[in-house]
Amino acid sequence: MKPTSVLILVFLSQATAFDVIREAFKLIDKNVNPCDNFYRHACPLHSTESLYIENAYEEKLFKVKAKNADAVWNNLAIKETFERAHFTEFPSLNVFIANMFRKQCEIENVTSEEKGKFLELIQDTMFGQKNSECEYTECLGALAVDRNCTRASELLESKLLYRSFDNFTIPLERIFIRTKRNIEGINAILDDDLRDGVSNVKNIVETMKKKLLTWIQQTPWVINNEAIESIMAEAEQVHHYDNFAKTLRYNLNILLKLEQSYLKCMKDLDDTEDFRVFCVLAATSHLDYRKLRTDFFMYYNAMNGHPNLYFSHLFYDMAKNVESPAALLGSVGFIAGHELSHSLIEDANQPELIPYFSNDSMQCIQNQYQTTCDSFKETSCGANDNQIDENGSDILGIQLAYSLFEDIYSERKKDEYIQLRHNNTITNEQLFFYSQAFVFCHGDPGEQDEENPHSPMNIRVNAVVQHPGFRDAFNCDADSPMVQSFNDQCVIFGENAPQTRKK
C-alpha cells in the first residue's frame with residue numbers, strides 16, 4: 001500500500017547539537033546477542049543509575065532551572081509561607097480559625113470593626129459569602145460585638161465545617177508543582193529555540209494520524225461492528241498541542257492572582273505565622289482545582305490528554321538534534337505513536353472513548369506481554385488488566401513509527417548508518433530499534449509496580465520488538481530467545497486485524 005502522506009522533517013546542521021541516540025551506542029553490551037535479549041544488549045544491567053535519557057540531559061536541565069532561579073514564579077511570598085508553615089502542628093481548619101479569632105478578640109485594643117473585617121474574610125473564605133449575601137449559620141458579623149471571646153470563638157467553630165488541613169495543603173502543593181513545571185517546561189522550549197523540534201513532532205503526529213485513519217477504515221472488526229464513524233471521529237480529534245503562549249499565560253495568571261490575593265489579605269492582618277497561613281487559605285479558597293492542567297514538562301515525559309498530546313522539552317530537543325530520521329522515528333516517533341494510540345486502545349470489557357474494541361486484539365496484546373515476561377523476567381512482571389491501555393499503545397505505537405520509517409527508507413533500510421569498533425555495522429533498520437530501546441534504558445533490574453499501568457522497561461522493549469522488522473533487521477534464528485518469545489503478530493488496526501463480529 002502506498003503511504004497516505006509524506007513525512008517532512010526539519011533538520012539543521014549544528015556543530016554543537018547533542019545527538020543523544022548516537023551517544024547511547026556507548027552503552028551496548030557486545031557480549032549479549034541482540035537476538036538473545038535485545039533490551040539487555042542495548043541497555044546492560046547497571047549501565048545507568050536511572051533512566052539514561054534523563055541522565056544524558058541532567059546537566060542541561062540543571063542549567064535551565066538555575067537560569068530561572070530568580071524568576072517571579074520561583075519567589076512568591078505565598079509559596080514561601082506555604083513551604084515554611086508547620087502544618088503538622090496545626091489542628092483542624094475550623095479549630096485553627098476559631099483559635100485565631102479568639103486570640104484576636106482577647107487583645108485589648110482590637111476594635112469591633114477590626115474583628116468584623118477578619119470575620120468577613122473568614123466568611124468569604126469558608127462560605128464564599130459577603131456580609132450582604134450570607135444566610136443563617138453562614139453569617140458571622142454578629143460575633144464581632146460579642147465581648148465574651150470564648151463564647152464567640154466556640155460559636156464560630158461550630159459554624160465552620162470540620163476540615164483537615166490536608167484537604168487544603170495537598171491540592172495547593174499540586175498547584176505549585178504543576179504550575180512551576182508547566183512554566184519551566186515552556187520557558188525551556190522557548191529559550192532553547194526548539195521550533196524545529198516542535199515542528200518535527202507535530203509533523204510526525206499528523207502523518208501518523210492520517211495513516212491510522214486509513215488503517216481504521218480497513219479494519220475488519222471495525223467494519224463488522226459498524227464502528228467506523230465513531231472510531232474515526234475520536235482519532236480525528238487527536239492533535240499535537242503547541243499553544244505555548246496560552247498555557248504560559250494561564251499558569252502565570254494562576255500564580256500571580258494567588259500572590260495578589262495573598263498580599264491583599266495580609267494588608268489587613270498582623271504579620272504572624274497564623275495570619276500568614278490564613279491568608280494562603282483565603283487566597284486559594286475560590287480556586288477551581290478541577291481546571292488545573294499538567295501540559296508541559298522539562299523532564300522525560302509525554303501525555304495523552306485526549307484530544308491533546310503533550311511532549312516535554314526533552315523530546316523537542318531530541319526532535320531537533322537527533323541527526324537520523326531512523327533514530328528519530330525509533331525514539332520520539334515511537335513515543336508520539338504511543339501517545340496517539342492511547343485514544344484508540346481500550347479494555348474491550350470497559351471501553352471509554354470508542355464504543356467497541358476487539359477482544360481478540362486485547363488478548364493478543366496481553367498474551368504477548370505475558371510471554372515476554374515469562375521469557376525475560378528479572379525481578380517481577382506480569383500482564384495485568386490495568387496495563388492493557390499502556391501495553392496496547394506500545395504495540396500500535398511501534399507499528400505506526402515503523403510504517404513511517406518504511407515510507408522514508410524503503411530500499412535503504414539495510415544501508416549502513418554507523419560503524420562501531422570491531423567492524424560492527426549498524427544499519428538504518430537496526431538503528432530504529434536501538435533508538436526505541438535507548439529511550440527506555442534503565443540499569444536497574446526490571447520490577448513491576450502493581451499500581452503502575454506501565455510494564456517494566458525491559459518487558460516493554462522486548463515485547464514491542466516482536467514486530468517482524470526486528471527479526472529481519474538482526475537476522476535472528478527461529479530458535480533464538482527473542483523469536484521464541486514472539487506470539488502472533490498483534491495487528492490492531494488495518495486489513496489484517498481480527499474479524500470479531502457481534503454476538
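Colleague: How many disulfides does the structure hold?
Modeller: Seven disulfides, counting a pair of cysteine sulfur atoms within 2.5 Å as one. Keep in mind that this is a predicted model: local features need pLDDT of at least 70, side-chain atom pairs count only at pLDDT 80 or more, and totals for chains, interfaces and linings use all residues. Residues are numbered from 1 along each chain as its sequence is written, and side-chain values use heavy atoms, with hydrogens and water left out.

Colleague: Which residue does Cys 105 pair with?
Modeller: Cys 149, with S to S at 2.0 Å. The torsion about that S-S bond is about -75 degrees, so the disulfide is left-handed.

Colleague: What does the pair Cys 105 and Cys 149 tie together?
Modeller: Parts that are 44 residues apart in sequence, because Cys 105 lies in helix 6 (residues 93–106) and Cys 149 in helix 8 (residues 149–159). Helices here are DSSP runs of H or I, at least four residues, numbered from the N terminus.

Colleague: Is Cys 105 buried or exposed?
Modeller: Buried, at 8% relative accessibility. Cys 149 is buried too, at 12%. Buried means under 20% relative accessible area, exposed over 50%, partly exposed in between (1.4 Å probe, protein chains only).

Colleague: New topic. How far apart are the sulfur atoms of Cys 134 and Cys 139?
Modeller: 2.1 Å, and they form a disulfide. That link is right-handed, with 105 degrees about the S-S bond. Cys 134 is buried at 18%, whereas Cys 139 is partly exposed at 26%.

Colleague: And Cys 373 with Cys 381, left-handed or right-handed?
Modeller: Right-handed, with 85 degrees about the S-S bond. Their sulfur atoms are 2.0 Å apart. Both cysteines, Cys 373 and Cys 381, are buried.

How values were computed. Helix = DSSP H or I, 4+ residues; strand = E, 2+ residues; numbered from the N terminus.
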